[in-house]
Amino acid sequence: MAQSSAQILRAEVLSGADSAWLRMEQPQNQMVITGMLKLGHSPDWKVFEEVIRKRLLIFDRFRQRVLNPDTIPIWVPDHHFELSYHIRQVDLSDRPHQPAIQEYVEEMLSNPLDFSRPLWELHLLETRDQTTLVAKLHHCIADGIALVRILLSLTTVSADGAYFDPIREYKPVRRTGKQHAGLFSTAGEGIKRIIKALYKFVSMPADTATHVKGELQTIKTAAWSAPVPLADVKALAAKYKTTINDILLWLACGALRRYLTTTGEKPEGASSFRVSIPVNLRYGDDTVMTGNQFGLVFLELPVGVENSQERLRLVQQRMNEIKASGEAWVAYGVLSLLGKMPLVVEQFVVKFLSSKCSAVVTNVPGPRRPLFLAGAKIEDIMFWVPKSGMLGVGISLISYNGGVRIGIASDAGRVPEPDLITRYFVELFDSETANKT
């Protein structure tokens with residue numbers, strides 16, 4: 001694609017946070033966010049290609065590559081940029097949709113991106129009975145919230161309607177100045193909370209050993225559920241006087257407990273099953289579409305508790321304690337600092353922190369109405385979260401058009417059957433919603 005003088009890109013040093021996520025890349029755990037859009041029909045390839053040119057390539061990061069990833073990484077223009085390398089049509093018409101897409105996603109999770117080029121790919125898969133777009137984007141380009149914004153900016157509100165505006169319609173929650181300071185009302189309080197959060201990170205014992213933790217392979221597995229009604233999730237939140245996020249974490253906790261039991265573990269013996277949770281730290285009026293601006297908090301899921309209502313109470317209590325702390329801001333500061341330090345230091349800290357938990361869990365709110373891509377209706381959306389350090393399991397939750405889906409990305413040696421977790425999640429949801437009283 002020829003570039004005008006207005007499109008010439010300048011070299012730019014990666015931010016501390018972006019650099020940190022770039023340098024966490026390893027063969028056993030790629031730092032990529034993988035997404036899937038199931039389409040109602042196959043879009044016209046020329047129209048799709050034009051959408052990518054006009055809507056995606058306006059973001060510099062998609063025409064830049066990274067130099068010096070192990071030292072001081074910088075964004076530089078890819079002067080040999082070829083769109084055809086990054087968007088591909090894949091003919092799988094001899095295979096049924098579900099197994100073909102699952103196998104393809106697992107291959108994309110297992111195989112690294114080409115670091116000599118911009119770090120993204122879009123594959124349009126044509127199976128026997130479905131068309132699916134699979135996207136693979138490196139975490140150093142943007143965090144999950146930002147990448148959802150970017151992908152949604154390619155869509156329209158009808159087959160031939162106006163482009164969807166994710167900034168206007170799906171802004172992050174507006175925070176006050178006090179909240180942006182990490183909920184610190186005074187400098188003294190801020191220092192105390194920073195020290196408390198740092199002490200928690202350092203003093204946490206290693207997470208309980210289960211077969212979910214251990215040495216990792218390069219082969220990954222993936223699974224996802226059918227959507228469950230968002231209205232019913234909201235009804236459960238109202239019934240138990242809690243948040244939608246807490247309900248989803250509660251169901252995920254129950255699914256993990258049942259999975260551990262099914263696979264021979266005794267969850268009652270697990271003193272902890274800690275998960276890291278990304279927390280969005282963007283301003284309510286933030287219109288920046290790229291970069292990483294989130295912190296990580298550690299939540300101890302009560303998988304060892306047999307009583308379902310007690311599990312919910314503990315999830316709610318622990319999440320409330322985390323929300324009242326400055327842990328997310330402290331974690332963001334630590335990540336930004338690590339991205340500027342020698343690689344060996346970052347690797348040591350990431351390995352140390354990943355020993356403290358067993359999985360990563362993220363929840364991304366998606367569009368509340370159906371959208372279209374290059375004229376084709378988007379019937380379903382799913383994504384899989386990357387896992388840093390030695391984590392072997394990533395749990396993704398996303399809402400779209402009145403439904404909520406759960407996805408699992410896992411190491412083949414740790415969780416070879418991730419579809420069990422998605423199935424247990426849906427079964428627990430069905431059981432809870434069947435109990436209306």
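**Notes on helix and strand packing**

1. Helix 9 passes helix 14 in a left-handed crossing. Please keep in mind that this is a predicted model.

2. On the residues involved: helix 9 contributes Asp232, Val233 and Leu236 to the contact, and helix 14 contributes Phe429, Glu432 and Thr433. By class, the residues of this contact between helix 9 and helix 14 comprise 3 nonpolar, 2 charged and 1 polar.

3. Now the geometry. Helix 9 covers residues 230-239 and helix 14 covers residues 419-434; their axes come within 10 Å and cross at roughly 60°. Angles from 65 to 115 degrees would count as roughly perpendicular and those under 35 as roughly parallel, and helix 9 and helix 14 are therefore oblique to each other.

4. Turning to the strands, you will find an open sheet of 6 strands with mixed pairing, in the order 5-6-7-2-14-13. Its edges are strand 5 (87-92) and strand 13 (372-373), each of which pairs on one side only.

5. How many bridges join strand 5 and strand 6? The two strands pair over 6 bridges in the parallel sense, with strand 6 spanning residues 120-127.

6. Helix 4 (residues 97-110) lies across strand 2 (32-39), strand 5, strand 6, strand 7 (131-138) and strand 14 (376-384). Relative to strand 6, helix 4 runs at about 160°.

Key: Residues are numbered from 1 along each chain as its sequence is written. This is a predicted model: local features need pLDDT of at least 70, side-chain atom pairs count only at pLDDT 80 or more; totals for chains, interfaces and linings use all residues. Side-chain values use heavy atoms; hydrogens and water are left out. Axes are lines fitted to C-alpha atoms, for helices over the stretch in contact, and angles run from 0 to 180 degrees between N-to-C directions. Helices (H or I, at least four residues) and strands (E, at least two) are DSSP runs, numbered from the N terminus. Angles under 35 degrees count as roughly parallel, over 145 as roughly antiparallel, 65 to 115 as roughly perpendicular and the rest as oblique. A crossing is left-handed if the near helix is turned anticlockwise from the far one by less than a right angle, and right-handed if clockwise. Contact means heavy atoms within 4.5 Å. Ala, Val, Leu, Ile, Met, Phe, Trp, Tyr, Cys and Pro count as nonpolar, Asp, Glu, Lys and Arg as charged, and the others, Gly among them, as polar. Two strands pair if DSSP finds at least two bridges between them.
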